[in-house]
Amino acid sequence: MDDEKRAVPVTTAPPSGLATTTGTIHPFAESTPQQENTTDLKDDVYKTSDAGEEIEEEDLYLPLKMEAEIPHEENPLTIRAVVVGIILGSLVSASNLYLGLKTGFTFSANMFGAIFGYGILKFFEKSGKGLPIIGGYFGPQENSIVQAAATGAGGIGGIFVAGIPAMYRLGVMPEGHTPRDDIGSIFTITLVCSFLGLFYVTPLRKFFIIQVARELKLMFPTPTAVGLTIRAMHAGAAGSLEAIKKLKCLGLSFGASFVHRIVSYYAVGILYDWHFFTWFHIWSGYTSWALNIESWGWYFEWTPAFIGSGILIGLNPAISMFLGSVTAWGLIGPLLVHYGECIGIQRSEDPKWDGLYSFTSLSKLGTRTPSPRYWLLWPGVMIMVCASMAELLVQYKVIGVGFGSLWNQGCAGMNRFLVARGKSSPFFAKHGAPRVKSEYEVEDPAPAHEQVKSWMWISGLLVTLVVGMIIFHFQWDMHPGLTILSFILAFLFSFLAIQIGAVTDSTPLTAAAKASQLIFGAATSHSGFSIQHAQKVNLVAGGLASGGADVATSLVSDFRTGFLIGTSPIKQWTAQALGTFVAVWLAPGLFVLFTTAYPCIWDITLEDETCPFQVPSVTAWAAVAQAVTDPKVKIPLKSGIFSIVMGIVSVLQVIFRHFYLVGPREKYRKWLPNWGAIALSWVIPAPVFASAALLGAIIAAVWRKYDMRTWDIYGYAVAAGFIAGEGLGGVVGAVLTLAGVDGTVKGSQIGCPLNEC
């Protein structure tokens, strides 16, 4: 970081989307609104002298120039690095499940693992001298191994905050079963999703990182920021001092957020949720005007995670989210109820609480007037899908080059196969001829013996495909043909998601999941499947597409960080594979923990009761599955028309921004609304998250304006600590609930409507 104008590379907090990260926010199951107002990572990093003038530039499409005094690391893939990385990734995995069920967001563990891993292994280096495994030199390449293992262990949580609980809500799982009863099936689908993405994306490292990165401006903003941060932390005494500052700040914010979340369970209405309008209602002698506002979710929640996310995303997405909440839950929703298009459900028969309603029910769809939540769900989903797909299509040059390279490599492989057997094919020889090396292509710094061997990913992919077809046939009632289709879609969507994420830092996983659901809705429409069977296939296929794309994106991101640091690709691949193996068992176990403590997550009959989780991604996935499979479930006509209009508006803005606001007009992009963030606030029936994110964004804006030096050092660490700390505190809260000693039993609900928060 550029601390006091030292002559070191300038780095910034990663320009993240609202996404998936403990560090960079990554909304796995929903939209990833792109950040507009933080300092973008450019193609070059400029060094400055003490006087502030530019004296040198560094090419970020080449490996970073490391300090000359850094020793060579013979084997950075150490037991301590992998174990520490997996532990840190496990913390993020636990955090992801809590936050994802509340809001639909999950977070990558790359930066969290890099900074915390630095502190832990630096301590081992100093205190464990002479000790096997624990002691020994700790360098930047080993640091990148820590973050790779952390990324693997912290991943694949997205399917547990979307598709899998949606299956239970739709009743497509065996009757009377809870997630605990189906833990075996959940393990197996997690296994297939995780390793499918890991294996099929491995051979694409050279394409994305080496061959076309510069030509197509595939900067990979967050992984690049991670690499720059690792380099800065290992840059001699000055880098070490700055790294310790970051680490202390991260630890303090993590600990404070963790403790706050646990303690707040015992006084929710005082320490966490401030229900101003409930207080007015009580103070004014139980008048109903304040409850009308309370019913729409207008209270403030002191959630460190979303204050931290606001610090990261900046003012444009945060303001867009807040205005979206005002529009949805302060204007459109009340008007829908006023004119009889939607209804609310009275929450209590007590005269003191007359006027307190729930407007978020999704039960009894097709049999009664819908809630505002269901009506607004469709324009929200439509905007997410349209905006994401539009972002894909405007990058047509990137996509064209990508598929062209895939075709060339496939033909070349087939030609080699035929030649080895004494045969020939003019067609494959022509189309598989070595392409002319681009002037933009860089040399791969990793020699052949450090590359992932072909037999490793090929054999792993074949085994995963065969095992996947068997598992999906016997456990999920999917025909092998449909399973193959889901694998193909997962690969194609991963290929697109990586390219777009590398350019925009916003991975369009929403588009991948929803597009897969729509395709499978068409594939099963005339197959003779029952509605429940079709819905199960629909959700499994969507989960495979988005889960595979998520893991694949994470691996390529790690390859990018390793490329910058000079880490052996096979060692990074091994570290993430080990982390992913742990995630296969950890994530389902955490899911069972939460669903056992809070049955309202999966049991739709309990949703009208007070539930600490809004599960917006779950409801969106379930609604799409119902819409494409169940003729009884209709989209309200006016909601459908409004959805189409808003989808068109979001697409037009993407076109306007990409083709018109360029060159000297590019500076006006920051004034455009972020439709992904607006759509997200329409899907989440709780303005509290938008309010907290706006507070965080304002804090960050003021901080950057008046003290950029300390922001560079501490800003990201504060945000990452807040996010991870609250998430882990939520895991402890689930354990307390199962033990019967949580806040509802031992604490106070004072200040909450109906004495329930």
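Asp-477 is partly exposed, with a relative accessible area of 38%, where buried denotes under 20% relative accessible area, exposed over 50% and partly exposed the range in between (1.4 Å probe, protein chains only). The model is a predicted one, in which local features need pLDDT of at least 70 and side-chain atom pairs count only at pLDDT 80 or more, whereas totals for chains, interfaces and linings use all residues. Residues are numbered from 1 along each chain as its sequence is written, and side-chain values use heavy atoms, with hydrogens and water left out.

Asp-477 lies in the loop between α17 (454-474) and α18 (480-504); helices (H or I, at least four residues) and strands (E, at least two) are DSSP runs numbered from the N terminus. The phi of Asp-477 is positive, near 55°, in a residue other than glycine. Most residues other than glycine have a negative phi. A positive phi, near 60°, is also found at Leu-754, likewise a residue other than glycine. Leu-754 is placed in the segment after α27 (743-746) and is buried, with a relative accessible area of 19%.

For the chain as a whole, 27 helices and eight strands are assigned. Of the 757 residues in the chain, 61% are buried. The chain exposes about 28700 Å², of which carbon and sulfur atoms supply 66%; accessible areas come from the Shrake-Rupley method with a 1.4 Å probe, and for residues only the protein chains shown count as cover.

Helix α3 (residues 140-153) contains Pro-140, which counts as buried at 3% relative accessibility. Contact is defined by heavy atoms within 4.5 Å. With neighbours within four places in sequence left aside, Pro-140 is in contact with Met-66, Ile-70, Glu-73, Ile-230, His-234 and Ile-565. Pro-140 and Thr-229 are 89 residues apart in sequence, and their C-alpha atoms are 9.8 Å apart in space.

Two packed helices are described by the angle between their axes and the distance between the axes. Axes are lines fitted to C-alpha atoms, for helices over the stretch in contact, and angles run from 0 to 180 degrees between N-to-C directions. Helix α3 packs with helix α21 (residues 569-597) at an angle of about 30°, the axes being 6 Å apart. The two helices α3 and α21 are therefore roughly parallel to each other, given that angles under 35 degrees count as roughly parallel, over 145 as roughly antiparallel, 65 to 115 as roughly perpendicular and the rest as oblique. The crossing of α3 and α21 is right-handed; a crossing is right-handed if the near helix is turned clockwise from the far one by less than a right angle, and left-handed if anticlockwise.

In this contact, Ser-144, Ile-145, Gln-147, Ala-148, Ala-149, Thr-151, Gly-152 and Ala-153 of α3 meet Lys-571, Gln-572, Ala-575, Gln-576, Gly-579, Thr-580, Ala-583 and Leu-586 of α21. The residues of the contact of α3 with α21 comprise seven nonpolar, eight polar and one charged, where Ala, Val, Leu, Ile, Met, Phe, Trp, Tyr, Cys and Pro count as nonpolar, Asp, Glu, Lys and Arg as charged, and the others, Gly among them, as polar. Gln-572, in helix α21, is buried, with a relative accessible area of 1%. Beyond residues up to four places away in sequence, Gln-572 touches Ser-144, Ile-145, Gln-147, Ala-148, Asp-558, Phe-559, Gly-562 and Thr-567.

The axes of helix α7 (residues 221-233) and helix α20 (residues 531-565) come within 8 Å and cross at roughly 35°, and this crossing is right-handed. Pro-223, Thr-224, Val-226, Gly-227, Ile-230 and Arg-231 of α7 meet Ser-557, Arg-560, Thr-561, Leu-564 and Ile-565 of α20. By class, five nonpolar, four polar and two charged residues take part in the contact of α7 with α20.

Helix α13 (residues 315-338) and helix α25 (residues 688-706) have axes that come within 8 Å and cross at roughly 150°. Helices α13 and α25 are therefore roughly antiparallel to each other, and their crossing is left-handed. The contact involves Leu-315, Ala-318, Ile-319, Met-321, Phe-322 and Ser-325 of α13, together with Ala-690, Ser-691, Ala-693, Leu-694, Ala-697, Ile-698 and Ala-701 of α25.
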